[in-house]
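Here is a note for a colleague who is opening this entry for the first time. Please read it with the structure in view.

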Amino acid sequence: MAFLENQGAKIYWDDQGKGEPVLLIMGLGYPSYLWHRTRPTLNERYRTIAIDNRGSGQSDVPAGPYSIGLMASDAAATLDAAGVESAHVFGLSMGGMIAQEFALQYPARVRSLILGCTAPGGPNAVRAEKQVTEILMARNMSPEDAAKAMRPFIYDSATPLERIEEDMAIRRKWFPKPEGYMGQVQGIFAWESYSRLERIVANTLVIHGQTDQLVPAGNGELIAAKIPGAKLVMLPQASHIFTTDQPEASRRAVMDFLTAQA
């Protein structure tokens, strides 16, 4: 485990495995430990570098909001701390927004780009239903209750409950502080990439669950259509947390894409 300092915050990161570097950027309020279904497979062939975004996990919770650009600079500082000039960049949900911004701001540092269950922001993004957004923004629920209320919208109905509970056991240890969570939320709502996606030059995989109700699948289609040459993989019987809904299929899609970059 290691920490770095960047723009007023101490940021947690760690690395595992050996090989070409893969930078892993997690979503809203989630710690990097929630790469638990994907990272062990990546570690067999790659050096994975994971970050706790500011406001979550073991990183500091400075005053917000945290812009997506600021969190992208945290990711760049993480590569610096790891002694890595460029990496494959894999982001999920908000982490996919950070990954898009990273690819736009630091194109020479991106070997390839994987964008999971994410959106391009702005007025062109496909919105979740009002009920979903209200739960996401609720301030009158405990983190435990809010997490349970979101389950139907982020996990596919066919996913075994015990698998969801495995995720929850990790989340409970690292529920974000309200100010950290809201700092990230404010960054999400103030950001857009749609008008700039044509500038992304990295080979890109867009991967999305077909039943995602938090970030509807149409967002994946939008992103893949705008990034030149992007490959789109839609996973059936998979919602927002597709790594849990379809762990084998999602790992295979990611590993096949990375292998093709060699």
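1. Which residues of helix 5 meet helix 6? From helix 5 come Glu-144, Ala-147, Arg-151 and Ile-154. From helix 6 come Leu-161, Ile-164, Glu-165, Met-168, Arg-171 and Arg-172. Contact here means heavy atoms within 4.5 Å. By class, this contact of helix 5 with helix 6 has five nonpolar, no polar and five charged residues. Ala, Val, Leu, Ile, Met, Phe, Trp, Tyr, Cys and Pro count as nonpolar, Asp, Glu, Lys and Arg as charged, and the others, Gly among them, as polar.

2. Some ground rules. The model is predicted, with local features needing pLDDT of at least 70 and side-chain atom pairs counting only at pLDDT 80 or more, while totals for chains, interfaces and linings use all residues. Residues are numbered from 1 along each chain as its sequence is written, and side-chain values use heavy atoms, with hydrogens and water left out. Helices (H or I, at least four residues) and strands (E, at least two) are DSSP runs, numbered from the N terminus.

3. Back to the helix pair. Helix 5 covers residues 143-154 and helix 6 covers residues 161-173. Their axes come within 12 Å and cross at roughly 140°. Axes are lines fitted to C-alpha atoms, for helices over the stretch in contact, and angles run from 0 to 180 degrees between N-to-C directions. The crossing of helix 5 with helix 6 is right-handed. That label applies if the near helix is turned clockwise from the far one by less than a right angle, and left-handed if anticlockwise.

4. Eight strands form an open sheet in the order 1-2-4-3-5-6-7-8, with mixed pairing. Strand 1 (2-6) and strand 8 are the edge strands, and each pairs on one side only. Neighbouring strands of this sheet are turned by 20° against each other on average, direction ignored. Two strands pair if DSSP finds at least two bridges between them.

5. Take strand 5 next. Is strand 5 largely enclosed or open? Strand 5 is largely enclosed by the rest of the structure, because six of its six residues are buried. Buried means under 20% relative accessible area, exposed over 50%, partly exposed in between (1.4 Å probe, protein chains only). Strand 3 (residues 20-25) pairs with strand 5 (residues 87-92) in the parallel sense, over four bridges. Val-22 has His-88 of strand 5 as its bridge partner, and Ile-25 stands opposite Gly-91.

6. Strand 5 also runs parallel to strand 6, joined by six bridges. There, Leu-113 of strand 6 is the bridge partner of Val-89. From strand 5 the chain crosses through helix 3 to strand 6, in a right-handed β-α-β crossover. A crossover is right-handed if, with the strands pointing away from the viewer, the path from the first strand over the helix to the second runs clockwise.

7. Helix 3 deserves a look at Met-94. Met-94 is buried, with a relative accessible area of 1%. Leaving aside neighbours within four places in sequence, its contacts are Met-26, Gly-27, Leu-28, Asn-53, Ile-68, Met-71, Gln-184 and Ile-188.

8. Strand 7 (residues 204-209) is mostly covered, with six of its six residues buried. One side carries Thr-204, Val-206 and His-208, and the other Leu-205, Ile-207 and Gly-209. Strand 7 pairs with strand 6 (residues 110-116) in the parallel sense over four bridges. Leu-113 has Thr-204 as its partner there. Strand 8 (residues 231-235) runs parallel to strand 7 over five bridges, and its Val-233 stands opposite Ile-207.

9. Strand 7, helix 8 (residues 218-226) and strand 8 make a right-handed β-α-β unit. In helix 8, the buried residues are Gly-218, Asn-219, Gly-220, Ile-223, Ala-224 and Lys-226. These buried residues pack against helix 3 (94-105), strand 6, strand 7 and strand 8.

10. Last, helix 2 (residues 68-82). Helix 2 lies across strands 1, 2, 3, 4 and 5, running at about 135° to strand 4. Leu-70 sits in helix 2 and is buried, with a relative accessible area of 15%. Leu-70 touches Gln-7 and Arg-54, not counting residues up to four places away in sequence.
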